[in-house]
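Trainee: Could you walk me through how to read a few features of a structure, one at a time?
Mentor: Gladly, let's look at it together.

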Amino acid sequence: MNYASELRRVYEACLPFVGEGKVADYIPELAGVDPSYFGLCLHEIGGATHSVGHANVPLSIQSISKVLTLAMVLPQNLDSFERVSVEPSGDPFNSLVQLEYESGIPRNPFINAGALVVTDMLIAREAQPKEAILEFVRALSGDSSIGFNLEVAESELATAHRNRALAHLMRGFGNLQADVERVLDVYCHHCALEMTLEQLVHAFAFLCRGGRSWGREVMPLRAVKRINALMLTCGFYDEAGEFAYRVGLPGKSGVGGGIITVLPGHFVLGAWSPGLNPKGNSKLGMRALEMFTDNTGLSLF
Ligand code: GLN
């Protein structure tokens with residue numbers, strides 16, 4: 001497969017749609033992002049990386065970071081991962097409704113409530129959780145320059161009313177141990193990680209390589225299998241079915257407009273376009289990924 005030419009073909013076919021969708025503005029600092037960014041980047045299991053468009057411009061990874069924090073806590077808790085369920089929610093990422101009637105147990109680790117519990121688990125384990133996250137992500141991507149965008153983190157912290165509500169509700173149910181503001185601070189920082197598509201596809205390579213990154217084991221295969229399964233069933237919230245139907249790959253989106261997908265044993269493929277659809281997933285990103293798997297036949301199915 002000539003990945004470079006397949007990527008270029010998709011990129012060119014998508015150019016007329018650049019700017020479609022609506023940039024997230026509920027986090028004030030994200031509202032000013034240029035909607036005309038568009039990039040694709042594919043990292044092959046063999047080691048080569050192919051880029052087209054804005055694959056080297058840093059983006060706010062937002063909810064894509066939830067996979068990375070999960071990867072930090074899941075391996076040690078594989079047999080006792082009970083504070084978060086593993087079912088698709090069918091609800092928006094910031095919804096409060098299920099949490100009340102399911103007694104403070106979030107449906108999965110990729111909706112905000114679930115990611116807040118994962119962050120709480122990280123806080124219980126790490127003396128300096130933000131530094132530990134940076135260290136983990138830098139090691140995975142092989143790039144020590146990766147950092148948080150502090151303006152984005154502060155901007156979200158100042159307006160995180162729904163996330164605060166989710167956290168308080170869970171604290172009330174006894175499913176959050178650390179102080180709510182502490183959990184929000186760490187959560188908003190990991191969402192404010194700034195990475196390029198190239199850094200992202202390298203960071204996610206362990207999910208394609210059976211848990212190995214740069215020749216070192218990050219986690220066992222049985223943890224990789226579960227994270228990829230969660231990305232397929234829950235990575236796109238109330239659009240997870242649509243994404244599996246159209247693209248057919250495990251993946252994770254963020255409201256910064258990034259999407260990372262994995263075909264285990266083959267490649268990691270990322271797309272970035274800041275314009276979102278009403279479900280909070282990149283509109284052009286989904287279009288491009290759908291086109292890629294349609295054209296190449298390379299999906300899970
Ligand atoms: N930080 C964002 C939030 O909590 C992440 C949401 C997303 O990317 N879907 O609302």
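Trainee: Where is Tyr26 found?
Mentor: This is a predicted model, and in it Tyr26 is found in the loop between helix H1 (3-14) and strand E1 (39-44).

Trainee: Is Tyr26 buried, exposed or partly exposed?
Mentor: The general idea is to compare the relative accessible area with two cut-offs: buried means under 20%, exposed means over 50%, and partly exposed is in between. Tyr26 has a relative accessible area of 42%, so Tyr26 is partly exposed.

Trainee: Which residues are around the ligand?
Mentor: Tyr26 is one of them.

Trainee: Which polar side-chain atoms lie 2.6 Å or 3.1 Å from atoms of the ligand?
Mentor: For this, look at pairs of N or O atoms within 3.5 Å. A polar side-chain atom of Tyr187 lies 2.6 Å from an oxygen atom of the ligand, and one of Tyr237 lies 3.1 Å from a nitrogen atom of the ligand. The backbone takes part as well: a polar backbone atom of Val255 is 2.8 Å from a ligand oxygen atom.

Trainee: How much of the ligand's accessible area does the protein cover?
Mentor: On its own the ligand has 300 Å² of accessible area, and the protein covers 99% of that. As for the space taken by the ligand, it is the second largest cavity.

Trainee: Let's return to Tyr237. What is its phi, and where is the residue found?
Mentor: Phi of Tyr237 is near 55°, which is a positive value in a residue other than glycine. Tyr237 is found in the loop between helix H10 (221-234) and helix H11 (240-246). With 4% relative accessibility, under the 20% cut-off, Tyr237 counts as buried.

Trainee: What is the phi of Ser103?
Mentor: Ser103 has a positive phi of about 55°, although Ser103 is not a glycine. Ser103 has its place in the loop between helix H3 (97-101) and helix H4 (112-125). Its relative accessible area is 43%, so Ser103 is partly exposed.

Trainee: Why is Asn175 classed as buried?
Mentor: Asn175 counts as buried because its relative accessible area is 5%, although it lies in a loop, the one between helix H7 (161-172) and helix H8 (180-191). Across the sequence, Asn175 and Arg83 are 92 residues apart, yet their C-alpha atoms are 6.7 Å apart in space.

Trainee: Where is His202 found, and is it buried or exposed?
Mentor: His202 is found in helix H9 (residues 197-203). The relative accessible area of His202 is 17%, so this residue is buried. His202 and Trp214 are 12 residues apart in sequence and 9.3 Å apart in space, C-alpha to C-alpha.

Definitions and conventions: Residues are numbered from 1 along each chain as its sequence is written. This is a predicted model: local features need pLDDT of at least 70, side-chain atom pairs count only at pLDDT 80 or more; totals for chains, interfaces and linings use all residues. Side-chain values use heavy atoms; hydrogens and water are left out. A residue is near a molecule or strand if one of its heavy atoms lies within 4 Å of it. A polar contact is a pair of N or O atoms within 3.5 Å; within protein, one must be able to donate a hydrogen and the other to accept it, and residues adjacent in sequence count only if both atoms are side-chain atoms. Accessible areas come from the Shrake-Rupley method with a 1.4 Å probe; for residues, only the protein chains shown count as cover. On a 1 Å grid over the protein atoms alone, a cavity is a set of points where a 1.4 Å probe fits but cannot get out, and a pocket is an open set with protein on both sides within 12 Å along at least five of seven lines; lining residues have an atom within 4 Å of a point. A molecule sits in a cavity or pocket if more than half of its atoms lie within 2 Å of its grid points. Helices (H or I, at least four residues) and strands (E, at least two) are DSSP runs, numbered from the N terminus. Buried means under 20% relative accessible area, exposed over 50%, partly exposed in between (1.4 Å probe, protein chains only).
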